[in-house]
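Dear colleague,

I am handing over the structure that follows, together with notes on what was found in it. Please read the notes with the sequence and the structure open beside them.

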Amino acid sequence: MSSTATAADSAPGYSLRRRLLWLLLSTIAVLWGLIAAAVFVRAHDMADELFDTQMTQMASSLLDASAARPDALPASLAAVSHGGAPDFVFQLWRLEDEDDADELADGKGRATTATLLVRSAAAPSTPLVDGDGFREHLWGKELWRFVSLRDAAGHYQAQVGQRHELRYVLAREAAQSVLMPLLIGLPLLALAIWLAVGSALRPLSAATAAVAARRPEALDALAIEQPPAEVLPLIDALNALFARIRRTLDSERQFTANAAHELRTPLAALKTHAQVALRAENDAERRYPAVPERRHALEQVIAGVDRMTRLTEQLLLLARLDPEGTTLPRRPLDLAALAIDVCAQLDGSARAQGVEIGFASVDSRFGGSESAANGASFRLDGAAELLGALVRNLVDNAISHARGNVTVALLRTSAVIELTVDDDGPGIPEEQRRRALERFERLGERGGGGSGLGLSISARIAQLHGGDLALAASPRDGLRACVRLPAGDGEG
């Protein structure tokens, strides 16, 4: 059985629109992440600048207060805190030479003693940091940033510490305030990209729809208005392919028609010569004992010529029916009368092979009454020559394989005319019946001397008339060929 490979038989391809969407969105997401990192780093730098300035101002305020009224400062002050953990700690030291004071480095390599004047509640009694300026280190299992300042005279030193987490929180909140609108806008951006990509791919969709909607016989060029430069090569390639296919089909049809036509003349001449020679044998049979063998050979030549003539006629008919878009010149006709005429023409050859042809017609609209001669109930619109070929092919095929009986029957319902041809031959196994409708297919015992075109041509004729041909088991244990055709509206 032949098979045609299509795109649907292969693995499903990817969606160009989805791939573009994911590529664009992933690129935007990566850029968004880089921008978020850059915004956070910048926000953290700004938080450092802000809090460093605040810490410096706090230390300067402590130094100014100590210079103005050093005795008025309390020994301990509460510090700002969140959730029980202090955010700031500070100390104010007075630098002196007393022996019982703690030692502090003055930043110039000299050891200086100092007395703690005031501190926040959470600050220890020892210096927060050594030296002057900014420092960062772990304190209480957290990262803190400290600043240490001295007054102009060098008599007082203020140390202020702040949890580094405050800077992260401020930087994170600042970055979120900047990036959140961009994050919320990502779905809208995805929708906009989807619509934009769809709009950009619309010419491809238009080309796809144009190709899908074309009839098989329509091989003229695609007409797409203002195709983009990326789509134009595809359209040009399709149009060039259509042109090549049209030329190829025209050449094949012309070749088939010419070959079949040219075969007719020599076949007819060959048959005429064989018939003349066969008649001449009648006079020579008494003189030459080998004449009966020559007679048999000539009869075989005539039979072969008949088969070749039949094949030629089938090829000519096939050349007419092959194009998918073939249109038929239809007119009202009487299918019962047509079938009776075909059966009458084939009756002689059937009797010569020992086969009886029976015919019956039943119109179910009138209670199932038999109406063998009443063709008015079986009218339809069609091409008489082609429908005659259909009936002839089916009956001739049944005669070739029948053991003794062929039955042709017509059944009319309200909308369908059903033509069945039954024989009592060997039949066709159910799994092979589909193959029997293919061209040049000859199966098993039913191969006979046919060309393998009759059933396929009959199926094509039925299709062109809006019907179908199906093979089934016959009640006579042979093969049933059943053709269903749309019935005409007229009664007479």
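This is a predicted model: local features need pLDDT of at least 70, side-chain atom pairs count only at pLDDT 80 or more; totals for chains, interfaces and linings use all residues.

The crossing in which helix 6 passes helix 7 is right-handed. On the helix 6 side the residues that meet helix 7 are Leu338, Ala339, Val342, Gln345, Leu346 and Ala350, and their counterparts in helix 7 are Ala384, Leu387, Gly388, Val391, Arg392, Val395, Asp396 and Ile399. Sorted by class, the residues of this contact between helix 6 and helix 7 are ten nonpolar, two polar and two charged.

Helix 7 also meets helix 9 (residues 454–464), and here the axes come within 9 Å and cross at roughly 145 degrees, with helix 7 passing helix 9 in a left-handed crossing. Helix 7 contributes Leu386, Leu387, Ala389, Leu390, Asn393, Leu394 and Asn397 to this contact, while helix 9 contributes Gly454, Leu455, Ile457, Ser458, Ile461 and Ala462. The contact of helix 7 with helix 9 has nine nonpolar and four polar residues, and no charged ones.

A separate point concerns Asp48, which lies in helix 1 (residues 16–68). Asp48 counts as buried because its relative accessible area is 16%, and the cut-off for buried is under 20%. If neighbours within four places in sequence are left aside, Asp48 is in contact with His164 and Arg167.

With kind regards

Technical notes:
Residues are numbered from 1 along each chain as its sequence is written. Side-chain values use heavy atoms; hydrogens and water are left out. A crossing is left-handed if the near helix is turned anticlockwise from the far one by less than a right angle, and right-handed if clockwise. Helices (H or I, at least four residues) and strands (E, at least two) are DSSP runs, numbered from the N terminus. Contact means heavy atoms within 4.5 Å. Ala, Val, Leu, Ile, Met, Phe, Trp, Tyr, Cys and Pro count as nonpolar, Asp, Glu, Lys and Arg as charged, and the others, Gly among them, as polar. Buried means under 20% relative accessible area, exposed over 50%, partly exposed in between (1.4 Å probe, protein chains only). Axes are lines fitted to C-alpha atoms, for helices over the stretch in contact, and angles run from 0 to 180 degrees between N-to-C directions.
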